[in-house]
Amino acid sequence: AVDQIRAIHPQTPILIMDHGGYSDGVMQPGREEVVTRLNEAVSRAFLKMEHHGLTGVHRLTREDIGLNPDAFVDGTHPNDLGMLVYAQGVARKLKDIGMDK
């Protein structure tokens, strides 16, 4: 997807996002492993892009997003508060990369 975007819009910044997390790990064994594996795949892909010199690609980590247990409607999907926290995380990252104008 990044290559396709880059081919059409070579200067457009791209933000790659981690999975924001979960709050139902106690009730759903294995949830942490799934989210960890997903985010490790994102990390590997991001590092590979950096290694190959791809510029203008940024990453918003799970920690950057900062969801808490109150941010989920069902333990996995964000509720209104969760979406606000996501939006705030994205806004902070856009400001960090100079896209807040």
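A salt bridge is a side-chain nitrogen of Lys or Arg within 4 Å of a carboxyl oxygen of Asp or Glu. The legends below describe a predicted model, in which local features need pLDDT of at least 70 and side-chain atom pairs count only at pLDDT 80 or more, whereas totals for chains, interfaces and linings use all residues. Residues are numbered from 1 along each chain as its sequence is written, and side-chain values use heavy atoms, with hydrogens and water left out.

**View 1. The salt bridge between aspartate 18 and arginine 59.**
Aspartate 18 and arginine 59 form a salt bridge in which the closest N and O atoms are 2.9 Å apart. Aspartate 18 lies in the loop between strand 1 and helix 2, and arginine 59 lies in strand 2, so the pair ties together parts that are 41 residues apart in sequence. Helices (H or I, at least four residues) and strands (E, at least two) are DSSP runs, numbered from the N terminus. Both partners can be described by their relative accessible area, for which buried means under 20%, exposed means over 50%, and partly exposed means in between (1.4 Å probe, protein chains only). Aspartate 18 counts as buried at 5% relative accessibility, and arginine 59 is buried at 16%. Side chains of opposite charge can pair when their charged atoms come close.

**View 2. The surroundings of arginine 59.**
Arginine 59 belongs to strand 2, which comprises residues 57–60. Its side chain makes a polar contact of 3.4 Å with the side chain of serine 43. A polar contact is a pair of N or O atoms within 3.5 Å; within protein, one must be able to donate a hydrogen and the other to accept it, and residues adjacent in sequence count only if both atoms are side-chain atoms. Contact in the wider sense means heavy atoms within 4.5 Å. Not counting residues up to four places away in sequence, arginine 59 touches several residues, among them Leu15, Asn39, Phe46, Asp64 and Lys93.

**View 3. The surroundings of aspartate 18.**
The loop that holds aspartate 18 runs between strand 1 and helix 2 (31–51). Besides arginine 59, with which the side chain of aspartate 18 makes a polar contact of 2.9 Å, this side chain reaches the backbone nitrogen of arginine 62 at 3.0 Å. Residues up to four places away in sequence aside, aspartate 18 touches Asn39, Val42, Arg59, Leu60, Thr61, Arg62 and Ile65.

**View 4. Strand 1 and its pairing with strand 2.**
Strand 1 and strand 2 pair in the parallel sense over four bridges; two strands pair if DSSP finds at least two bridges between them. Methionine 17 stands opposite leucine 60 in strand 2. Isoleucine 16, in strand 1 (residues 14–17), has a relative accessible area of 17%. Residues touched by isoleucine 16, not counting those up to four places away in sequence, include Val2, Val42, Met49 and Val57.

Helix 4 (residues 80–96) has 17 residues and reaches 24 Å from its first C-alpha to its last, close to the 24 Å expected at 1.5 Å a residue. The expected span is 1.5 Å times one less than the number of residues. Which residues of helix 4 are buried? They are Gly82, Val85, Tyr86, Gly89 and Lys93. These residues cover an arc of only 100 degrees around the axis, which puts them on the same side of helix 4; the arc is that of the directions from the helix axis to the C-beta atoms. The buried residues pack against strand 1, strand 2 and helix 3 (62–65). On the other side of helix 4, Asp80 and Lys95 are exposed.

**View 5. The ends of helix 4.**
At the start of helix 4, a side-chain oxygen of asparagine 79 comes to within 3.0 Å of the backbone nitrogen of leucine 81. Glycine 98, which follows helix 4, has a positive phi, near 80 degrees.

**View 6. Further salt bridges.**
A search of the whole structure finds three salt bridges. One of them joins arginine 31 to aspartate 24, with the closest N and O atoms 3.0 Å apart. Arginine 31 is partly exposed, at 22% relative accessible area, whereas aspartate 24 is buried, at 5%. Glutamate 33 also forms a salt bridge, with arginine 37, the closest N and O atoms being 3.5 Å apart. Both glutamate 33 and arginine 37 lie in helix 2, four residues apart, about one turn of the helix.
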